[in-house]
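Trainee: I would like to learn how to read this model. Please take me through a few features, one at a time.

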Amino acid sequence: MGKERRIKTEGRISKIGSYAIASSMSMRDHHQQPCFTCTTFNILAPIYKRLNVNNNQEFRESQFRAYWLARNHQILDSLLRERSSIICLQEFWLDNEEMVNMYEKRLGDAGYTNFQLARTNNRGDGLLIAVRKDLFKVINYREILFNDLGDRVAQLLHIELDYPFSQCRNNDTRQEFLIVNTHLLFPHDSTLCLVRLQQVYKILQYIESYQKECKLNPVPILLCGDWNGSKRGHVYKFLRSQGFVSSYDAAHQYNDADAQKWVSHRNHRGNICGVDFIWLLNPNGYRKLLKPSWSEAAFGMFKHLLRRASLTEEDAFAFLKADNEGDCITYSGFCEALRQLNLTGHRHGLSVEETKDLWNQADIDGSGLLDYKEFQKRIWNPASPELENEINNKHQDGSPKNGLEQTIGFSVENAVLFPPEVEKGRWPENYSLSDHARLTVVFSPIRMSCSRAIS
């Protein structure tokens with residue numbers, strides 16, 4: 001299978017498909033490392049796909065049954081050739097019964113269990129997760145409704161590998177993990193970047209509450225989908241602060257600064273960028289506490305807006321002080337600054353509760369005032385040594401770390417994008433399946449130690 005992983009260009013679909021088949025076969029071979037594959041793909045709903053069919057007049061593909069039917073049969077052909085263990089689709093046209101039935105039948109006949117979720121307020125499209133019945137046992141399925149201006153949603157699937165992990169055959173370690181499928185809001189303007197950050201925060205909060213509700217031991221987490229943001233964005237940085245790793249970048253040994261190495265989307269403005277990710281968080285992954293990490297991300301956006309206005313650190317402190325004649329920032333001055341930066345005061349801005357939470361994270365001593373040192377430590381440069389030490393010695397629920405336990409994590413064996421040109425940062429003009437590339441990642445279960453909390 002090492003030879004298969006070296007395939008980079010010609011025959012991409014058939015090669016990754018044979019890799020997936022070989023991987024599933026190795027699940028039954030106790031002498032080989034088991035593998036499974038995960039695919040994420042925004043298939044471009046026909047209600048959004050633009051066509052120029054007559055005199056440069058623009059139509060939607062949904063108006064021409066022959067067009068969308070043929071394209072989606074081609075999409076299914078490619079998915080079934082690849083035969084990925086897990087398939088996560090975005091922009092699935094749920095409002096069209098013929099489309100839904102076609103995917104249900106062809107995926108079902110191929111041995112997949114399907115889960116679908118429509119966006120709220122009858123937006124027409126939604127999400128689909130399909131998992132292979134021969135490889136996974138479905139433990140639970142949950143739907144996450146953001147109920148925001150973008151009517152976005154997410155799916156959470158709690159599954160277990162149905163074949164024993166060879167290295168752990170003689171113990172009771174279960175091979176469970178969580179997988180999330182989502183499609184974040186497109187940042188039509190800068191104010192919507194905050195909404196996207198809030199959407200990710202809601203997902204992570206939901207995962208955290210689900211793990212507590214189910215008394216779930218540490219398990220790997222995969223976040224799949226169209227994140228509508230690049231490696232330069234606040235969502236990317238927020239997920240990295242939570243310990244998530246971009247599996248495609250891990251497979252190709254790219255770092256956070258390698259933003260132009262690959263692309264996965266040509267948007268309606270004609271811009272190409274990398275926005276489709278399969279994020280991996282292993283049980284032993286370093287994680288900051290969620291609420292402080294969210295505050296740090298929000299302050300990062302705040303700082304970005306101040307810098308875009310050409311404000312230095314000293315200028316920013318003066319801006320936050322507003323009309324206060326003293327040497328400290330007041331809560332009212334803080335709120336007024338957020339309003340002027342368009343982070344509050346509209347229906348998709350920070351809520352009163354979120355604003356208060358940010359203030360409480362910044363007001364270290366609870367005095368109701370921020371001096372210059374607190375401003376530096378919590379707003380301008382929020383990653384302080386004290387906070388890092390606190391995080392390193394605690395779990396997500398704030399309990400201290402004590403000892404280690406054996407669990408299962410995933411290693412990234414390979415990751416490929418199709419069409420292959422996008423791996424070089426180019427968008428091929430002859431590619432017509434979607435305006436997104438398809439990302440497939442090969443994972444292998446590995447045994448690892450992770451810290452456990454005092455019970």
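Mentor: Contact here means heavy atoms within 4.5 Å. This is a predicted model, where local features need pLDDT of at least 70 and side-chain atom pairs count only at pLDDT 80 or more, while totals for chains, interfaces and linings use all residues. Residues are numbered from 1 along each chain as its sequence is written, and side-chain values use heavy atoms, with hydrogens and water left out.

Trainee: Is Gln199 buried or exposed?

Mentor: Buried means under 20% relative accessible area, exposed over 50%, and partly exposed in between (1.4 Å probe, protein chains only). Gln199 has a relative accessible area of 1%, so it is buried. It lies in helix H5. Helices (H or I, at least four residues) and strands (E, at least two) are DSSP runs, numbered from the N terminus.

Trainee: In what order do the six strands of the open sheet run?

Mentor: Two strands pair if DSSP finds at least two bridges between them. Here the order is S7-S8-S9-S10-S14-S11, with mixed pairing. Strand S7 (136–145) and strand S11 (245–246) are the edges, each pairing on one side only. Helix H6 (residues 234–241) packs on this sheet and touches S10, S11 and strand S14 (276–281).

Trainee: How many of the eight residues of H6 are buried?

Mentor: Six of the eight are buried, among them Tyr236 and Phe238. Their cover includes helix H5 (192–213), S10, helix H7 (247–251), S14 and helix H8 (290–308). After H6 comes Gly243, with a positive phi near 90°.

Trainee: How many aromatic pairs does a search of the whole structure find?

Mentor: Rings of Phe, Tyr and Trp (its six-membered ring) pair if their centres lie within 6.5 Å; planes under 30 degrees apart count as stacked, over 60 as edge-to-face and the rest as tilted. The search finds 30 pairs. In one of them, Trp68 and Trp93 have ring centres 5.2 Å apart and planes at 85°, so the pair is edge-to-face. Trp68 is in helix H3 (residues 65–82) and Trp93 in the loop between strand S4 (86–92) and helix H4 (97–109), 25 residues apart.

Technical notes: Axes fitted to C-alpha atoms, helices over the stretch in contact; angles between N-to-C directions.
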